[in-house]
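Open the model in your viewer and keep the sequence panel beside it. This tour tells you what to select at each stop and what is there.

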Amino acid sequence: MSVQGQADTSLVLRGRGIVPGKVRGEALVSTETISGWGGIDPAKGTIIERRHSLFGVCFSGKILVFPGAKGSSGWSGFFQSTRLLGTAPLAMVFTTVTTKAVLGAVVTRVPTVSDFGDGVDPVRSIRSGDIVEVDADAGTVTIVHRAG
């Protein structure tokens, strides 16, 4: 129980830190993989893949929670461009470790956690609008406050 008598809603997901750092912010959750080349607009920090459920949604300054990367090896270059243009996500949390997703996180230079064990799926555990803390140094993602 919290100090004010309400149930404690925090939930800690344990994974492996990919890029170090610790941030707190609003989550943006995609149930679909994200394409870099042709899937995002690095200048605006938005998803532009027409058939994506988050088409037109801005990920800039949010904690991007998604299954992983899809498409070509250019994925990392497009996410690096978001860093250079100031439109990068605040952090990344993804479930499927691939070379393009990991390289994308490294060149974007945002705290990143992945490789969750024991059937833990952050895409199913976290909702868009939740306030989460990504502590990639410890390999944890904590849901601090539920949206709504």
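A nonpolar core is a set of buried Ala, Val, Leu, Ile, Met, Phe, Trp, Tyr and Cys residues joined through side-chain atoms within 4.5 Å. Buried means under 20% relative accessible area, exposed means over 50%, and partly exposed lies in between (1.4 Å probe, protein chains only). This is a predicted model, in which local features need pLDDT of at least 70 and side-chain atom pairs count only at pLDDT 80 or more, while totals for chains, interfaces and linings use all residues. Residues are numbered from 1 along each chain as its sequence is written, and side-chain values use heavy atoms, with hydrogens and water left out.

**Stop 1: the cores**

Select Ile-34, Phe-59, Leu-64, Phe-66, Phe-79 and Met-92. Of the 18 residues in the largest nonpolar core, these six touch the most other members. β7, α1 (75–85), β9 and α2 each supply at least two residues of this core; helices (H or I, at least four residues) and strands (E, at least two) are DSSP runs, numbered from the N terminus. In soluble globular proteins, nonpolar side chains tend to be buried together.

Now centre on Leu-64. Beyond its neighbours within four places in sequence, Leu-64 is in contact (heavy atoms within 4.5 Å) with Leu-28, Ile-34, Phe-59, Phe-79, Pro-89, Ala-91, Met-92 and Val-93. A second, separate core of 17 residues includes Leu-13, Val-29, Val-65 and Ile-143.

**Stop 2: the sheet**

Switch to a cartoon view. Eight strands form an open sheet with mixed pairing, in the order β1-β12-β11-β3-β7-β9-β10-β2. Which strands stand at the edges? They are β1 (11–14) and β2 (16–19); each has a single partner strand, so one side of each is left without a neighbour in the sheet. Two strands pair if DSSP finds at least two bridges between them. On average, neighbouring strands of this sheet are turned by 30° against each other, direction ignored.

Select β7 and β9 (residues 91–94), which pair in the parallel sense over four bridges. Val-65 has Val-93 in β9 as its bridge partner.

**Stop 3**

Select Val-134, in strand β11. Is Val-134 buried or exposed? Val-134 is buried, because its relative accessible area is 0%.

Move to Glu-49, in the loop between β6 (46–47) and β7 (63–66). Glu-49 counts as buried because its relative accessibility is 17%. Its side chain is joined to that of Lys-70 by a polar contact of 2.8 Å. A polar contact is a pair of N or O atoms within 3.5 Å; within protein, one must be able to donate a hydrogen and the other to accept it, and residues adjacent in sequence count only if both atoms are side-chain atoms.

Then pick Gly-129, in the loop between α3 (122–125) and β11 (131–135). Gly-129 is partly exposed, with a relative accessible area of 22%.

**Last stop: confidence**

Colour by pLDDT, the predictor's confidence in each residue, from 0 to 100. The chain has a mean pLDDT of 91, and 94% of its residues reach 70 or more. Over residues 1–7, pLDDT stays under 50. Where pLDDT is low, the predicted coordinates should not be read in detail.

Key:
Axes fitted to C-alpha atoms, helices over the stretch in contact; angles between N-to-C directions.
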